[in-house]
Amino acid sequence: MKIKEKAKLIVTALSLAAILFAMGANNASAERKIVKADGSSTVFPISEAVAEEFQKTIKDVMVTVGLSGTGGGFKKFCAGETDISNASRPIKTSEMELCKKNNVEYIELPVAYDGLAVMVNPKNTWVTGMTVEELKKIWEPAAQGVITKWSQVRKGWPDKEIRLFGPGVDSGTFDYFTQAINGTEKASRGDYTASEDDNVLVQGIATDQNAIGYFGIAYYENNKGKLKLVPIDDGYNDNGRGPILPSEKTINNATYQPLSRPLLIYVSKKSLEKPEVAGFIAFYLKNAATLSKEVGYVPLSKELYDLAAARVNKKKTGTIFGGSSQVKVKLENLLKGN
């Protein structure tokens, strides 16, 4: 047989093998059921951990977890593209209207607590604590192009340029922080390095001595050697203890304020009719306490997880938050009243 003919036969055989492999892969994926989640980068570590453990037990289900940010996740969810939306703040009125327009009913479920961590570079020797008013002075819209040096924030701090890192506008963390610190959701200066991926913010702060930024506490817990956690004086309570660090204790007892918040997932009522989605949600609520703590967040009480499970069993749709972020919210009171 000539070399050219042999080459043709080899190419044909390889092509056929590739087609058969693709067909087999397609058949395998067709047999495997898929649960689609997307949304908050803050909630991502919890949902990812739950998905990994769930798939170890249920082999014929694949759970995908995206990172579109809370706002981006709701756009997909309310368009019917996903089963679950991860959210680091409650669903907004505009998003509620979009879901209603597309006939997407949802069940709102708290899964953990978070403390928004304020970070500086470890080489920053002057910041040992900050007040809410100082954070506002840095981050409010009027600060853009005006508050550019550390010396403008507090007397005695160095005459060095401040470099800012924070979540993008599709982030629920951005929404909550601006509400808690600046008094209005989405009210913020715009001249900062923004990203929906908290790992990008970690790297930015870790490599710049003059940097400051904020994100969910889990990303600090996973990068302690690269970052310096800043205690915050809330200015709301005369607790006499000065600036307070976020921790499981201070988040649970509501002394780390106003930067403590609940983390949420939203599941489509229609999707919940699918056994694989119902199974995943049941597994999520059963294991969220353990897995949220493992990835750096603060678990809810057993009572709150039971109340969340009851909402699923009753298929209780809608939100308990009224369409906006709520600072210093009492989750127990909201759940028991709804």
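The side chains of Asp83 and Lys274 meet in a salt bridge, with 3.1 Å from N to O; the term denotes a side-chain nitrogen of Lys or Arg within 4 Å of a carboxyl oxygen of Asp or Glu. Please note that this is a predicted model, in which local features need pLDDT of at least 70 and side-chain atom pairs count only at pLDDT 80 or more, while totals for chains, interfaces and linings use all residues. Residues are numbered from 1 along each chain as its sequence is written, and side-chain values use heavy atoms, with hydrogens and water left out.

Where do Asp83 and Lys274 lie? Asp83 belongs to the loop between helix H3 (69–78) and S3, and Lys274 to the loop between strand S11 (260–268) and helix H10 (275–294), so the pair ties together parts that are 191 residues apart in sequence. Helices (H or I, at least four residues) and strands (E, at least two) are DSSP runs, numbered from the N terminus. Asp83 counts as buried because its relative accessibility is 6%, whereas Lys274, with a relative accessible area of 32%, is partly exposed. Here buried means under 20% relative accessible area, exposed over 50%, and partly exposed in between (1.4 Å probe, protein chains only).

I turn now to Asp175. Arg89 forms a salt bridge with Asp175, and their closest N and O atoms are 2.8 Å apart. This pair links distant parts of the chain, 86 residues apart: Arg89 sits in the loop between S3 and helix H4 (93–101), and Asp175 in helix H6 (residues 172–182). Are these two residues buried or exposed? Both Arg89 and Asp175 are buried.

Asp175 also meets the side chain of Lys186 in a salt bridge of 2.9 Å, N to O. Lys186 lies in the loop between H6 and strand S7 (193–195), eleven residues from Asp175. Asp175 has 0% relative accessibility and therefore counts as buried; Lys186, at 38%, counts as partly exposed.

The structure holds 17 salt bridges.

Finally, a word on confidence. The mean pLDDT of the chain, that is, the predictor's confidence in each residue from 0 to 100, is 88, and 88% of the residues reach 70 or more.
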